[in-house]
Amino acid sequence: MQDFDYLIIGAGPSGLTIAHALLKGGVARDRLLVIEANKEAGGLCRSESVDGAPLDIGGGHFLDIRNKKTLEFLFQFMPEEEWDTYSRIAKIRIHNREIDHPLEGNLWQFSKSDQVDYLESIARTGSVAGEPMPESFETWVRWKLGDRIAEDYMLPYNRKIWSMDLEQLGTYWLYKLPDVSFRDTLRSCLEGRQFGALPAHGTFLYPKQFGYGEVWRRMGAQLGTQLLTTTPVTSIDVENRIVNGAYRADRIISTMPWTLWPSLADVPVEIVDFIGELVSIPIDVDYFPEAVPSAAHWIYEPRDDISYHRILPRHNFCPGSRGYWTETNALRSVAISHFRHHNEFAYPVNTKNKPAAVQAILSWARTKGIIGAGRWGTWEHMNSDVAVAEALDMARKLLGSA
Ligand SMILES: Cc1cc2nc3c(=O)[nH]c(=O)nc-3n(C[C@H](O)[C@H](O)[C@H](O)COP(=O)(O)OP(=O)(O)OC[C@H]3O[C@@H](n4cnc5c(N)ncnc54)[C@H](O)[C@@H]3O)c2cc1C
């Protein structure tokens, strides 16, 4: 039996960041271990070489520039000069044309008569009339954006990406969508340019070479023997904090999905019930060698008769590459492409019961010296810059309480 202060499950951005921050904070190398199921570090942010250029196998990954603490941390492993900076070009395919995202800020790109229809629909919404925010997803979309944007884009797109009854979704997370007011929309139609809040990744970084996976691969390599790859967690003795019958730790930090826990550990039945409330969706990433005649970095596709929901023309952000890749909820996937990577755990879903279930699971885990971290340990739909920022905060708290 090997003994550690910290055992971290998962070498995605969260696990890697916590490990490095703890080591930098003074934890001795031989007191920390990271266990990863895959053969390489990086989790959903890994890249592979496909058709002579990098492909991000967890889907399109771009580093938002707003989080300075995250950038400072990541530049230690991959210096700033190894990244290119891009001003985001994200489009929505609608009525056989491409309109900039977000739709409500860019209606001015439609014909005048379409603009009038969309504006009239937004003018009639509950949010403009000052009605209270509804609690079901579809009603919220109609309340906020109007029936026209709801039916042309938001509802079909969300039905595709989640492939579930939208009534199961909560509304507590929708504050994350860019808030474009009716006034902003009206002004953008009158002046022929975008107004209102910009969504995430307005400006983003992408590596000049290697793909998004490179920074995480380097972080993994620098952990040396403190990272065990190709080592899935297969059993956890919760009471004694022993993993795979071989590694004991004072604290376990888990970034693997809670839904795997009941088959690996002795979890009390009431917590198993809460875990049963958690929903995630799988995403297939498919590569195609053809060029896409678009300047966009990515394009959202709401049409139901097309299986994928997002397409990424690789040649627009990956120098020297060709082709494009698509992201499809695996439940909707069709014929196998040139290359496919299946991500069983891609998006945690914001169902109505999620917040209460996560709170109960994390509270129980804490009593056992087990901490949930990252996308799957908190079941939060977070980007990697947020995963890094939260992991740095967690390490700081752990070091403070040691
Ligand atoms: C389609 C898509 C697009 C995205 N786009 C962006 C973007 O543009 N920009 C951005 O910043 N973020 C983006 N993200 C989010 C980003 O992927 C996550 O924020 C990030 O990966 C979270 O890191 P994590 O370490 O918490 O989780 P993960 O990356 O999922 O890492 C969890 C790790 O745990 C390991 N694990 C699981 N089970 C076990 C087990 N039994 N034993 C051992 N190890 C195990 C996994 O193999 C994995 O390595 C996107 C995500 C998706 C799905």
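Trainee: In this predicted model, what is the length of the polar contact that joins the side chains of Asp100 and Gln109?

Mentor: Asp100 belongs to strand 8, which covers residues 97–100, and Gln109 is among the residues that Asp100 touches, together with Ile89, Ala90, Lys91, Ile92 and Asn106, when residues up to four places away in sequence are not counted. A polar contact requires N or O atoms within 3.5 Å, and the one that joins the side chains of Asp100 and Gln109 has a length of 2.8 Å.

Trainee: Is the peptide bond from His101 to Pro102 cis or trans?

Mentor: Pro102 is located in the loop between strand 8 and helix 3. Most peptide bonds are trans. For the bond from His101 to Pro102, however, omega is near 5°, and the bond is cis.

Trainee: Which residues of helix 4 make the contact with helix 3?

Mentor: By class, the contact of helix 3 with helix 4 contains four nonpolar, two polar and five charged residues. Helix 3 contributes Asp114, Asp117, Tyr118, Ser121 and Ile122, while the residues from helix 4 are Leu145, Gly146, Asp147, Arg148, Ile149 and Asp152.

Trainee: What share of the ligand's exposed area does the protein bury?

Mentor: Oxygen atoms of the ligand lie 2.7 Å from a side-chain N or O atom of His61, 2.7 Å from a backbone N or O atom of Met382 and 3.2 Å from a backbone N or O atom of Pro13. Taken alone, the ligand exposes 1000 Å², and the share of this that the protein buries is 93%.

Trainee: Which helix supplies the largest share of the shell around the ligand?

Mentor: There are 32 residues around the ligand, with Ser14, Glu36, His61, Met382 and Ser384 coming nearest, and by class the shell has 15 nonpolar, 13 polar and four charged residues. At least two residues of the shell come from each of helix 1 (13–24), strand 18 (339–348), helix 10 (374–377) and helix 11 (384–401). The largest share, three residues, comes from helix 10.

Trainee: Where is Phe210 found, and what is its phi?

Mentor: Phe210 sits in the loop between strand 9 (203–207) and helix 6 (213–222). Most residues other than glycine have a negative phi. Phe210 instead has a positive phi, with a value near 80°.

Notes
Residues numbered from 1 in each chain as written. Predicted model: local features only at pLDDT ≥ 70, side-chain atom pairs only at ≥ 80, totals over all residues. Heavy atoms only, no water. Near = heavy atom within 4 Å. Polar contact = N/O pair within 3.5 Å; in protein donor to acceptor, adjacent residues only side chain to side chain. Areas by Shrake-Rupley, 256 points an atom, 1.4 Å probe, with all protein chains shown as cover. Helix = DSSP H or I, 4+ residues; strand = E, 2+ residues; numbered from the N terminus. Nonpolar A, V, L, I, M, F, W, Y, C, P; charged D, E, K, R; others polar. Contact = heavy atoms within 4.5 Å.
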